[in-house]
Amino acid sequence: MRRREVLKSISALPVIGGAAESLTGAGIKPDAAPDYFKELGLRTFINAAGNYTTMTASLMPPEVLQAIHSSAQQYAMLDDVQDKVGERIAKLCRAEAAMVTAGCWSALVIGMAGVLTGMDSKKAARLPFLEGSGMKSEVIVQKTHANGYHNALTNTGVKIILVETVEELRKAVNEKTALLWFLNREAPVGKIKQEEWVKLGKELNIPTMIDIAADVPPVENLWKFNEMGFDLACISGGKAMMGPQSAGILMGRKDLIAAARLNAPPRSGIARGHKVNKEEIIGMWVALDQYIKRDHKKDWETWEKSIALVEKEVKSVRGVYTETIIPPVANHNPSLKIGWDSKVIKLSRDELGKRLREGSPSIEVISWEDPDSIRITVFMLKPGQDRIVASRIREELKRSVV
């Protein structure tokens with residue numbers, strides 16, 4: 001599939017559109033499209049929580065849907081698609097090479113496998129059984145970064161070695177050390193920061209990998225860590241980039257991406273089940289391309305306006321207070337914490353979440369953090385949904401005032 005063919009076919013589509021526009025762009029008449037959610041009795045909702053995996057991440061824009069539809073009409077060799085799309089993604093992200101994976105977790109597993117096996121197919125066939133294989137078997141991780149996502153690496157059979165300081169890291173390095181892994185989400189709390197982590201990897205001649213799963217925006221993070229010197233970077237494709245939820249990107253050193261590909265479909269091996277079809281590969285590339293081209297300043301201003309709208313509405317209720325929260329790293333976008341005086345408003349956090357979820361329309365918010373408060377994000381909302389969210393939250397808070 002040539003890039004010009006994809007872009008030519010989608011050039012007439014609007015940048016932002018509803019489901020009907022998306023279907024029309026894909027050559028499907030909206031009136032003829034069945035509502036499968038309705039047929040299956042599934043609850044759909046306004047997502048004011050965020051692009052969580054459990055909530056099916058993001059909604060793909062028309063350009064991505066059209067790319068998926070177009071590429072589903074012809075056959076192509078899977079490796080050829082990965083080759084060509086990988087070249088485009090690498091150029092966009094300023095990396096030596098890249099590939100599309102089955103999400104960020106998959107990128108971690110496949111990238112780790114490539115580090116262990118190199119281009120040795122016999123070693124690839126042995127994973128995850130490292131004993132007696134001649135492969136290295138340990139990965140060094142900061143204690144504050146070991147929050148669950150590091151377990152993806154252990155799928156290959158490696159052992160995690162936890163450290164806190166540079167001195168501990170140096171002492172932990174031995175002939176078995178295969179990788180230094182960094183979770184960018186936890187960068188603010190770790191004692192060793194990104195630049196020093198990369199520097200240590202270069203000095204000790206050990207590859208470094210960074211997990212930036214939900215770390216765009218800002219858009220610059222797509223190339224920042226490649227330029228910083230990390231040997232591999234892994235990111236989710238179905239979050240802010242609005243690509244297929246089951247897609248992600250592994251990018252970095254050319255030799256390590258080639259080794260990762262040796263362990264990836266269509267070849268048999270540890271990652272055979274991490275299959276990504278041609279439609280998802282091309283859809284991921286188009287999503288990335290479209291995301292980079294967006295007016296990110298305008299997006300941010302739009303989010304701030306929506307936050308202000310909701311804040312004004314809910315603060316009209318006695319006993320309510322608000323706080324704008326912008327996470328420093330992961331999911332870096334403005335969110336609004338909505339709290340209340342429990343002496344004035346007799347309503348629990350869980351009950352408010354339940355009422356919003358079971359109301360019409362159904363709304364999902366973040367209702368599992370602090371007591372007597374919820375938090376919302378707005379970057380997932382469709383135009384006009386900010387008013388609906390504001391009105392419903394205000395309604396439920398107001399009716400609970402004593």
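How many positive and negative side chains does the protein have, and how far apart do the centres of the two sets lie? There are 56 positive and 49 negative side chains, with the two centres 1 Å apart.

**Before you start**

This is a predicted model, in which local features need pLDDT of at least 70 and side-chain atom pairs pLDDT 80 or more, while totals for chains, interfaces and linings use all residues. Residues are numbered from 1 along each chain as its sequence is written, and side-chain values use heavy atoms, without hydrogens or water.

**Stop 1: the whole chain**

Show the C-alpha trace. Its atoms fill a box of roughly 70 × 55 × 40 Å along the principal axes.

Switch to cartoon. You have 16 helices and 12 strands. These are DSSP runs numbered from the N terminus: helices are H or I with at least four residues, strands E with at least two.

**Stop 2: surface and contacts**

The accessible area is about 19,300 Å², 52% of it from carbon and sulfur atoms. The method is Shrake-Rupley with a 1.4 Å probe; for residues, only the protein chains shown count as cover. Of the 402 residues, 51% are buried. Buried means under 20% relative accessible area, exposed over 50%, and partly exposed in between.

Now contacts, meaning heavy atoms within 4.5 Å. Among those between residues at least 6 apart in sequence, 71% join residues at least 24 apart.

**Stop 3: two cis peptide bonds**

Select Leu-127 and Pro-128. A cis peptide bond joins them, with omega about 10°. Pro-128 sits in the loop between α7 (121–126) and β3 (138–142).

Next, select Pro-265 and Pro-266. Their bond is also cis, and omega is about 15°. Find Pro-266 in the loop between α12 (254–262) and α13 (278–293).

**Stop 4: positive phi**

Which loop holds Thr-56? Look between β1 (46–47) and α4 (62–71). Phi of Thr-56 is near 65°, positive in a non-glycine residue. Thr-56 counts as exposed because its relative accessibility is 53%.

Finish at Asp-372, in the loop between β11 (363–364) and β12 (373–377). Asp-372 is not a glycine, yet its phi is positive, about 55°. Its relative accessible area is 27%, so Asp-372 is partly exposed.

Definitions and conventions: Buried < 20%, exposed > 50% of the residue type's maximum accessible area, 1.4 Å probe, protein only. Lys, Arg positive; Asp, Glu negative; His and termini not counted. Charge placed at Lys NZ, Arg CZ, Asp CG, Glu CD.
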